Amino acid sequence: VSVSKGIENSTGMRMSQVISEKLNLSIEEIIVLSGPSHAEEVSLKYPTTVVTACVDIEHAREVQKLFSNEYFRVYSGSDVIGVEIGGATKNIIALAAGICHGLGYGDNTIAALVTRGLEEIIRLGTALGADRSTFSGLSGMGDLVVTAFSSYSRNRHVGELIGKGDKLNDILAEMHMVAEGVETARSVYGLTQENKIEMPICEQTYKVLYEDISPRRGILELMGRELVDEHSV
């Protein structure tokens, strides 16, 4: 059962693919567990829901039964790609949300960012073979909301400090936990370039992190893009 969220930098592989390769397991033997579940709140037994996915849905249902109790409810599915892409890529959008908060922007900005960010996650996921409907579920919208808005979110925290003017290397040097979105931004940027997928929020977040453009310039780049219909790029 994989509870890791990320995309390997050097290969663009999802965590289940890495596990499959390193442990010599078939993909049908690997179950993914993901969703909006801050450990701090699970430990307090706050009602929490997540999703488990496996190519063989019967394996997912076995894990569903094992993990479900009166405060932790598990749903099952078979879209491993969608669950993993949602769980990994939402960390980049959470970084961007933190940057906007650090810049002093308000609810309008964050709402726009999360909505358009979800569209980018869907675009990447479906290009890689995921089911679009997965992203309206717990591992998509659910995980995105909790990570972009929560004070527990490490990715949002890093973004907020960047928005306030701190340097990424200094932030990471002082952190005792991992903000997965920092490395995932690099992986996803590589996937967008390789597959020619339009993901402007993720691209600008990458450039703020790794090409030293200012957060305000990144926002201006996004707002100044060519006008399009909502459900196009």
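Colleague: Let's start with arginine 61: does its relative accessibility make it buried, partly exposed or exposed, and what is the value?

Modeller: Keep in mind that this is a predicted model. Arginine 61 has 34% relative accessibility, so it counts as partly exposed.

Colleague: Which residue forms a salt bridge with arginine 61?

Modeller: That's glutamate 58, with the closest N and O atoms 2.6 Å apart. Glutamate 58 is partly exposed too, with a relative accessible area of 44%.

Colleague: Where do arginine 61 and glutamate 58 sit in the chain?

Modeller: Both belong to helix α3 (residues 57-67), and because they are three residues apart there, about one helical turn separates them. The closest N and O atoms of lysine 207 and glutamate 203 are 3.2 Å apart in their salt bridge. Glutamate 203 is partly exposed, at 26% relative accessibility.

Colleague: How many salt bridges does the structure hold?

Modeller: There are 13. One of them pairs lysine 90 with aspartate 143, the closest N and O atoms being 3.6 Å apart. This pair links distant parts of the chain, since lysine 90 is in helix α4 and aspartate 143 is in helix α6 (residues 138-149), 53 residues apart. Lysine 90 and aspartate 143 are both buried.

Colleague: And how do you find empty space in a model?

Modeller: The general idea is to roll a probe the size of a water molecule over the atoms, which shows where empty space is left. In this structure, that gives two cavities of 30 Å³ or more.

Colleague: What volume does the largest cavity have, and which elements each supply at least two residues of its lining?

Modeller: The volume of the largest cavity is about 100 Å³. The elements are α4 (80-102), α10 (200-210) and α11 (215-223). Look for residues including Ala96, Ile99, Gln204, Val208, Ile219 and Leu222 in the lining. By class, the lining of the largest cavity has nine nonpolar, three polar and no charged residues.

Colleague: What about the second largest cavity: how much space lies in it, and which element gives the most to the lining?

Modeller: The second largest cavity holds about 60 Å³ of space. The elements giving two or more residues to its lining are β1 (32-34) and α4, and α4 gives the most, with four residues. Among the lining residues of the second largest cavity are Lys5, Met15, Leu33, Val83 and Glu84. That lining has six nonpolar, four polar and two charged residues.

How values were computed. Residues are numbered from 1 along each chain as its sequence is written. This is a predicted model: local features need pLDDT of at least 70, side-chain atom pairs count only at pLDDT 80 or more; totals for chains, interfaces and linings use all residues. Side-chain values use heavy atoms; hydrogens and water are left out. On a 1 Å grid over the protein atoms alone, a cavity is a set of points where a 1.4 Å probe fits but cannot get out, and a pocket is an open set with protein on both sides within 12 Å along at least five of seven lines; lining residues have an atom within 4 Å of a point. Grid points are joined across faces, edges and corners, and a volume is the space filled by probe spheres set on the points. Ala, Val, Leu, Ile, Met, Phe, Trp, Tyr, Cys and Pro count as nonpolar, Asp, Glu, Lys and Arg as charged, and the others, Gly among them, as polar. A salt bridge is a side-chain nitrogen of Lys or Arg within 4 Å of a carboxyl oxygen of Asp or Glu. Buried means under 20% relative accessible area, exposed over 50%, partly exposed in between (1.4 Å probe, protein chains only).
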